[in-house]
Amino acid sequence: MKPTVYFTRTITPEKILEMYRLLDVKLPGKVAIKLHSGEVGNQNFLGPDMWKPVIDEVGGTVVECNTAYDGERNTTEKHLKTLEKHGWSKYFDVDLMDGEGPDKELDIPNGKVIKKNYVGKNIDNYDSMLVLSHFKGHPQGGYGGALKQLSIGVGSSYGKAYIHGAGEPEKIWTADHDAFLKSMADSAGSVIDYFKGNLAYINVMMNMSVDCDCCADAEDPCLADIGILASLDPIAIDQACLDLVYASDDPGKDHLIERIESRNGALTIETAVEHGYGSKEYELVEVK
């Protein structure tokens, strides 16, 4: 059977909760809620008000990891201040999973490029994960969605450099580009394996810039908001987002599509399919 992707054109915090409930899933044990804390200065990221109803429903801990580039989130001290500045620690329990070393190493025996993944050791505190993603473009990956959250998002600061560098962290910005994209698919699979498939995914398609929420100086959104998607399949939900962008009648889509295609963003999805932890084929169920 094809995985189901639920889709609504209505974007509200309450609708996100409704979409999560449609998944009819009970995430076991202690739940890690992975989202993007937002780089200071970024105007497009989705803040606590958007996610609060679903986080309250699940009752988990908001988790993040430090970045591998300069900014206000590349050290534990600065990232904690950013989490406070952006309101995360005001409303939720927050855990910087790589706030203190050493990292946890996840094996990727069937990795196409990398054979291990470095994540924050605090991942051991959780039994399942809710992945909350703001779908948009990305300067390196072409687009950012569920697969990026699982890979770069869950990676420790060192792990982010390791993925970007396709196994050579010192080549964080100079590694072969396609090898980097495949490394994201490799590392995402290791997180899915770690949680034994106990994950759920929500992508929100709004404030869609060609730039990521990690950019302090990001372009403004280039096309109209599209909606909310929810699924138990990380590949299907990302593919559905891409399909909705291509199907949009907003002329601004051309700018986002150029970013996705010029960075070969779909290669991450294709590599993830080869790993077998999801499907590009899906059933889209639209919810009013």
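Contact here means heavy atoms within 4.5 Å. The views below come from a predicted model, in which local features need pLDDT of at least 70, side-chain atom pairs count only at pLDDT 80 or more, and totals for chains, interfaces and linings use all residues. Residues are numbered from 1 along each chain as its sequence is written, and side-chain values use heavy atoms, with hydrogens and water left out.

**View 1. Pro-139 sits in the loop between strand 8 (136-138) and strand 9 (142-144).** Helices (H or I, at least four residues) and strands (E, at least two) are DSSP runs, numbered from the N terminus. Neighbours within four places in sequence are left aside; Pro-139 then contacts Val-210, Asp-211, Cys-212, Cys-215, Arg-259 and Arg-263. Tyr-282 lies 143 residues from Pro-139 along the chain, and the two C-alpha atoms are separated by 27 Å.

**View 2. Asn-44 occupies the loop between strand 2 (31-34) and helix 2 (48-58).** Asn-44 is buried, at 2% relative accessible area. Buried means under 20% relative accessible area, exposed over 50%, partly exposed in between (1.4 Å probe, protein chains only). The Asn-44 side chain reaches the backbone oxygen of Glu-219 at 3.0 Å. Such a polar contact is a pair of N or O atoms within 3.5 Å; within protein, one must be able to donate a hydrogen and the other to accept it, and residues adjacent in sequence count only if both atoms are side-chain atoms. With neighbours within four places in sequence left aside, the contacts of Asn-44 include His-134, Asn-207, Ser-209 and Asp-213.

**View 3. Asp-176 caps the N-terminal end of helix 7.** One of its side-chain oxygens lies 3.3 Å from the backbone nitrogen of Asp-178. The expected span of a helix is 1.5 Å times one less than its number of residues. For helix 7 that gives 26 Å, and its end C-alpha atoms are 26 Å apart, which agrees. Lys-196 follows helix 7, with a positive phi near 55 degrees.

**View 4. At the start of helix 8, Asp-233 meets the backbone of Ile-235.** A side-chain oxygen of Asp-233 comes to within 2.9 Å of the Ile-235 backbone nitrogen. Helix 8 (residues 234-247) should span 20 Å, and its end C-alpha atoms are 20 Å apart. Eleven of its 14 residues are buried, so helix 8 is largely enclosed by the rest of the structure. Among the buried residues are Pro-234, Asp-238, Gln-239 and Val-245.

**View 5. Met-205 and Leu-229 touch the most other members of the largest nonpolar core, which has 47 residues.** A nonpolar core is a set of buried Ala, Val, Leu, Ile, Met, Phe, Trp, Tyr and Cys residues joined through side-chain atoms within 4.5 Å. Helix 8 gives the most to this core, with eight residues. Residues up to four places away in sequence are not counted here; Leu-229 touches, among others, Val-5, Phe-7, Met-205, Ile-237 and Leu-284. Another core lies apart, with 31 residues including Leu-23, Trp-51, Val-58 and Met-206.

**View 6. The structure holds zero disulfides (pairs of cysteine sulfur atoms within 2.5 Å).** The sulfur of Cys-65 is 14 Å from the closest cysteine sulfur, in Cys-214, too far for a bond. Cys-65 is buried, at 1% relative accessible area. For Cys-241, the nearest cysteine sulfur is that of Cys-222, 14 Å away. Cys-241 is buried, at 0% relative accessible area.
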